[in-house]
Amino acid sequence: MDDSKVVGGKVKKPGKRGRKPAKIDLKAKLERSRQSARECRARKKLRYQYLEELVSSRERAICALREELEMYKQWCMAMDQGKIPSEIKALLTGEEQGKAQHNSTRLAKTGKTEANSSNP
């Protein structure tokens, strides 16, 4: 006797369930696989280039920070010996001048606003 079953008006034969594999042209499948591999290698190459650039930029930043740290260490050693480095003097005088300019500008602005508020 036949093992086929009638379900919903259709005759089904026993065997594997699911979609039947379509008859795929093997050459086309192989070419798609090769193309996919080429694209994967290209993406990998770009990713490695990006990471190498990132590493080199971070290394440059680290070198700059190390140089800055060494400069600060030298300044501290000089101050421990009682000497004030010229760079620190320049920074301090620059800050004092900046504060003086800021205060004079603020006073000028408040004077203008008071003058404007007294004249309606």
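Predicted model: local features only at pLDDT ≥ 70, side-chain atom pairs only at ≥ 80, totals over all residues.

1. Over the chain as a whole the average pLDDT is 81, and 65% of the residues score at least 70.

2. The secondary structure consists of two helices and two strands, and reading from the N terminus the order of these elements is β-β-α-α. Helix H1 covers residues 26-80, and helix H2 covers residues 86-118.

3. The geometry of H1 can be checked against its length, since 55 residues at 1.5 Å a residue should span 81 Å, and the C-alpha atoms at its two ends are 80 Å apart, which agrees with that expectation. Just after H1 comes Gly82, whose phi is positive, at about 90°.

4. As for burial, 3% of the 120 residues of the chain count as buried. The chain exposes about 11900 Å², of which carbon and sulfur atoms supply 57%.

5. How many aromatic pairs does the structure hold? There is one aromatic pair, made by Tyr72 and Trp75, whose ring centres are 5.5 Å apart and whose planes stand at 75°, so the pair is classed as edge-to-face. The angle leads to that class because planes over 60 degrees apart count as edge-to-face. Both Tyr72 and Trp75 belong to helix H1, where they are three residues apart, about one turn of the helix.

6. The two partners of this pair can also be described by their accessibility. Trp75 has a relative accessible area of 13% and is therefore buried, the cut-off for that class being under 20%, while Tyr72, at 38% relative accessibility, counts as partly exposed.

7. Between Trp75 and Ser86 there are 11 residues of separation along the chain, and their C-alpha atoms are separated by 9.6 Å. Ser86 lies in helix H2, and with a relative accessible area of 53% Ser86 is exposed, whereas Trp75 is buried.

8. Which residues form a salt bridge, and how far apart are their closest N and O atoms? The count comes to one salt bridge, in which Glu31 is joined with Arg38 and the closest N and O atoms are 3.1 Å apart. That distance qualifies because the rule asks for a side-chain nitrogen within 4 Å of a carboxyl oxygen.

Definitions and conventions
Residues numbered from 1 in each chain as written. Heavy atoms only, no water. Helix = DSSP H or I, 4+ residues; strand = E, 2+ residues; numbered from the N terminus. Buried < 20%, exposed > 50% of the residue type's maximum accessible area, 1.4 Å probe, protein only. Areas by Shrake-Rupley, 256 points an atom, 1.4 Å probe, with all protein chains shown as cover. Phe/Tyr/Trp six-rings, centres within 6.5 Å; stacked < 30°, edge-to-face > 60°. Expected span 1.5 Å × (residues − 1). pLDDT = per-residue confidence, 0-100.
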